[in-house]
Amino acid sequence: MSDDNNLSNSDLPHDDEIQETLQLSGMYENWFLDYASYVILERAVPAIEDGLKPVQRRILHAMKEMDDGRFNKVANIIGSTMQYHPHGDASIGDAIVGLGQKDLLIDTQGNWGDVRTGDSAAAPRYIEARLSKFALEVLFNPQTTRWQLSYDGRKREPITLPVKFPLLLAQGVEGIAVGLSTKILPHNFCELLKASIDLLNGKEVAVYPDFPTGGMADFTDYNQGRRGGKIKVRAKIEEVDKKTLIIRDIPFGTTTTSLIESIVKANDKGKIKIKKVIDNTAKDVEIQVQLAPGQSPDITIDALYAFTDCEQSISPNACVIVNDKPLFLGVDEILRICNQQTVELLRRELEIKKAELLEKILFSSLEKIFIENRIYRDIEECETWEAVIKTIDLGLEPFKPQFYREITREDIVRLTEIKIKRISKFDAFKADELMRKLEDELAQTEHHLAHITEYAIHYYQNLLTKYGKGRERKTEIRNFDNIAATIVAANNQKLYINRQEGFIGYGLKKEEYICECSDLDDIIAFKRDGSYKIVKINDKVFVGKDIMHAAVFNKNDHRMVYNTVYLDGKTGRAFGKRFQVLGITRDKDYDVSQGNAGSKVLYFSANPNGEAEIITIFLTSGSKARIKQFEFDFSTLEIKGRSAKGNTLTKYPVRKIQLKAEGKSTLGGVDIFYDTAIGRLNRDGRGIHLGNFEAEDQILVITRDGCYELTNFELTNHYDESQTLLIQKFEQEAIITAIYKDGSSGTAYVKRFVIETSTANKKFCFISESKGSELLFVSSNDDPTIVYEERLPGKKAAVESKTEKLSDIIDVKGWKAIGNKFSTSTISNIREVEPEDDALEEIGETETHEYDAEVESDTGNSLHVGDTIEFKIDKKAPKDDSSQLDLFS
C-alpha cells in the first residue's frame with residue numbers, strides 16, 4: 001500500500017478544525033427550481049413566438065446555415081446542430097425525424113419511417129433533408145431575428161425565429177416538463193390560413209385538429225385545446241360484406257401494429273369474436289377483420305370502438321412560453337397572438353424595406369448630383385483628405401434641403417469611392433428611370449404600411465395559393481354516440497344457477513343453464529320471499545336461497561315488464577302488480593312486496609316486450625269465498641314503478657295460480673328516430689322521426705350506389721350518412737321513384753317500382769351494374785314532381801331549368817326493370833318540389849262568377865249587376881288573369 005493510504009489518527013481533522021456546515025435543504029430548493037426552470041424553458045415547452053422547442057429551432061437554424069438548395073445527410077445536420085445544442089446526437093436525430101415526418105418544414109429523401117405503422121427511420125447516415133420552400137419563405141429573416149450567443153459563446157443563434165405563420169398550431173407539440181406538460185394537437189394548414197384571414201377581417205373563428213393518420217374525430221368537448229378538454233378519435237371502419245370489415249384510417253396516437261394487437265387481445269378476452277386479422281397496409285392503411293360465424297358486423301364495429309384502440313380519447317393541454325413564463329392558453333388565443341405577431345413582423349419588414357429604399361434613393365440622388373454638377377472636378381486640386389471631404393460637402397450644400405436626412409461624412413466617403421469608369425459612362429436617363437422605379441416601390445411600400453391589415457390578408461392568401469394544394473383536411477369531423485360496452489360485448493360466458501342454494505355465475509358448470517352472457521353484464525335475481533337484487537356477473541355469486549327467476553339485467557330497459565301476484569304477510573291479501581326495474585343500486589336488496597314478514601310471491605313472469613297474460617286463480621277449498629276460481633287479465637293493470645303496492649286481487653287464501661293464455665304487448669310500438677349527424681337510430685327524439693315500430697316492422701334504406709336494404713330497428717345498426725339517400729319505415733305498398741345514370745352510356749333513366757323482396761339485411765341493386773353508374777335521385781312519394789338543371793347539347797355554358805312530373809314519364813314496373821330514358825344530357829341539382837295547386841284549370845271546365853258592376857262583353861251585349869256569366873279558362877292562364885278569359889255566354 002502507498003503512504004497515502006496509511007493515515008494516522010493525527011492526520012485526521014479534529015472537530016475544532018471543521019469551519020463550515022452545509023445546509024442540504026437550501027441547496028435542494030434552489031437547485032431543483034433552477035432545474036425545473038431549465039427543463040420548462042429550454043427543453044419541453046415551445047415558445048409562442050415560433051412554436052418551436054429549442055432543439056427544433058437550432059436544427060432549423062443549422063439547416064439554414066448549410067442551405068445551398070441541395071439535400072444534406074442528416075448525420076451532417078446533426079453535427080452542425082451540436083454547435084448550438086448542448087446535448088447528445090440521439091436527441092437531435094429524433095427531433096429531425098419528428099420534423100421531417102410532419103411534412104411541412106423539411107423536404108426528406110430516403111426512409112424516414114411511417115407514423116401510421118410505427119416503422120422507424122433509417123440511420124442518419126442513410127437519409128437526407130433540406131429546408132422546404134415554405135420554411136425558407138416563412139421562418140427566416142436575419143433583419144427581424146433576435147440573436148444570442150450559443151452555449152459555448154462561439155456561435156450566434158436565434159432566440160426565436162421570426163415565423164409569419166401559426167406554426168405552433170400547424171405542427172402541434174407534446175412535451176413533459178417538471179410539474180407541467182403540454183399537448184397541442186396539429187391543425188389543418190389551409191384552415192389555419194383561412195381562419196387567420198377571417199380574424200383579420202374581424203370574424204369569429206373556430207379551428208379543430210387535423211391528424212396525419214386521418215380517421216374521424218368528435219370535437220364536442222375540445223374546449224379550444226385548454227386543460228380539461230377532451231376529444232374522441234376513431235378509426236374508419238367499412239363493412240365490405242356480412243363477414244368482413246376493413247379499417248381504412250387509424251386514430252391519432254396509434255399505429256397499425258398496436259391496433260392489431262389490441263384487436264387480438266380483445267378477441268382473446270372474449271370481448272369480440274373474430275376469425276382473423278390481416279394487415280394489408282401499403283401506400284394506404286388497410287386492416288382486414290374477418291368475423292366469426294354468426295357475428296353482426298354492426299355490433300362488431302361498436303365492439304371494436306368499445307374494447308380496442310379503434311377509439312382513443314385525447315386530452316389536449318395547450319401550454320406555451322410567453323415572456324419566459326409558461327401559460328395555459330386556448331387555441332383561439334394562440335391563433336390571435338400568432339396573427340398579431342405576423343402582422344407586426346410584416347410591418348417591421350416593410351419599415352426595413354422603406355428605410356433601405358430611402359437610402360437607395362438618397363445615394364442615387366447624391367451620385368447624380370455629384371456627377372452631373374461635376375463636383376468630382378473640384379477635388380482635383382485638394383491636397384489633403386479633409387479638403388476633399390470639405391469640397392464635396394460645399395458642392396452638395398445647395399441640394400441638401402431636398403434630402404430626407406442630413407448628409408453625413410460616410411455619404412461623402414461613398415461618393416469618393418465611385419470609379420472613373422462609372423463616371424465616364426454615367427447615363428442620366430437610366431439614372432432617372434432607376435430613381436423612378438425606386439420611388440414607385442417606396443410609394444407601394446408606404447401604401448402597404450398604411451394598409452397593413454389588407455397586406456397581411458394578401459400575404460396569407462398567397463401562402464394558401466402556393467402551398468395549400470394537397471393539404472386538405474384528412475380527419476373527418478363527426479359527432480359520436482356513446483357506446484355501452486355491456487350492449488356490444490360478445491357473449492363470452494354461460495350463466496348457470498343453483499336455485500336452492502342461491503348461487504349464480506359462469507363457474508357453476510354442473511348446475512342449471514340459464515343463458516349466454518358477457519363478463520361485463522349485470523344479473524337480476526328474484527327470490528320466492530319477494531326480494532330481489534342486481535349483482536355483477538362473476539364466477540360464483542351468492543344472491544340468496546330459493547331463486548325463482550334470474551336473467552341478464554339491461555339498465556333503463558323500458559320494454560321489460562314484470563307481472564307478479566304476491567301474498568302480503570301482514571294482511572293475508574293477494575296483490576297483483578306490473579312494474580319495471582329501470583335502474584337500482586347494485587348489491588342492494590329490494591322487495592316486490594311491501595316488505596312485511598311472511599310475504600311471498602305466488603306468481604311471477606318476466607315479459608321483454610310488455611306482454612300481459614291471463615291467469616287463473618284458485619282459492620283454497622276452506623275459504624269463505626263463494627267463487628273459488630276466477631280469471632285475471634294483467635292488461636287491466638297499469639305499469640308502475642318497482643315500489644308500487646299493486647291492486648288487491650283477493651282477500652281469501654290462494655291455493656294456486658295457473659297461466660291460462662299468453663298475452664300481447666300493452667306498450668304499443670316504439671318511436672324510432674334517425675340521427676343524421678352520426679348515422680344511428682335512437683329512441684331519445686334526436687333527429688328525424690321514422691315512425692312508430694311494432695316488432696315485425698322494418699326500415700328501408702336506399703344508398704347512392706343504387707341499392708336498397710331492409711333492416712330491423714335495433715339501436716346498434718350503423719348507417720353511412722354520407723351514402724344514404726333515403727331512410728324510412730318500410731311500407732309494402734310504397735312506390736319508389738328513382739333517377740339514375742347508366743355508367744356505360746351516360747344516359748339518365750327514370751323508373752318507378754314497389755319493393756318486392758322481403759329478405760332482411762341483404763342489399764338489392766336496382767340500377768345498372770356498369771362501372772360509373774350512380775343513383776341521382778330517389779323518392780318514396782307516390783307521385784313526385786322534380787325541378788332539375790339540364791346542360792344543353794353543343795353549348796358549353798348553356799343550362800336549362802326544367803320541371804317534370806315523373807308519373808307522366810313512366811308507370812310502376814318491377815324493381816329489376818331498366819326504366820325509361822330520362823335525358824341523354826348531363827343533369828344536376830335534382831330536387832323534389834311540392835306539386836303546384838290547381839292554379840291552372842283544364843280547358844272546358846267552367847266557373848260561375850257574379851259581378852257587382854255593369855260591363856260589356858266582346859259581342860256588345862251589356863252585363864248588369866246580378867247577372868251570371870260562365871266562362872272557360874285557358875289552360876295556361878292563371879285564374880286571376882281576366883285578360884285571358886274567353887266569354888261565351
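Helix 10 (residues 331-372) packs against helix 16 (residues 452-467) at an angle of about 105°, and their axes lie 10 Å apart. The two helices, helix 10 and helix 16, are therefore roughly perpendicular to each other. This is a predicted model. From helix 10, the contact takes in Cys-338, Asn-339, Thr-342, Val-343, Leu-346, Arg-347 and Leu-350. Helix 16 supplies Ile-452, Tyr-455, Ala-456, Tyr-459 and Tyr-460. By class, the contact of helix 10 with helix 16 has nine nonpolar, two polar and one charged residues.

The crossing of helix 3 past helix 4 is right-handed. Val-74, Ile-77, Ile-78 and Thr-81 of helix 3 touch Asp-89, Ile-92, Gly-93 and Ile-96 of helix 4. Five of these residues are nonpolar, two polar and one charged.

Four strands form an open sheet in the order 10-11-13-12, with antiparallel pairing. Strand 10 (236-241) and strand 12 (274-279) are the edges, each pairing on one side only. Neighbouring strands are turned by 20° against each other on average, direction ignored. Strand 10 pairs with strand 11 (residues 244-249) over five bridges, in the antiparallel sense. Here Lys-236 stands opposite Asp-249 of strand 11.

| Helix | Strands involved | Angle |
|---|---|---|
| Helix 8 (residues 256-268) | strand 11, strand 12, strand 13 (287-291) | about 170° with strand 12 |
| Helix 9 (residues 297-307) | strand 10, strand 11, strand 13 | about 155° to strand 10 |

Conventions: Residues numbered from 1 in each chain as written. Predicted model: local features only at pLDDT ≥ 70, side-chain atom pairs only at ≥ 80, totals over all residues. Heavy atoms only, no water. Left-handed = near helix turned anticlockwise from the far one by under 90°. Contact = heavy atoms within 4.5 Å. Nonpolar A, V, L, I, M, F, W, Y, C, P; charged D, E, K, R; others polar. Axes fitted to C-alpha atoms, helices over the stretch in contact; angles between N-to-C directions. Parallel < 35°, antiparallel > 145°, perpendicular 65-115°, else oblique. Pairing = 2+ DSSP bridges.
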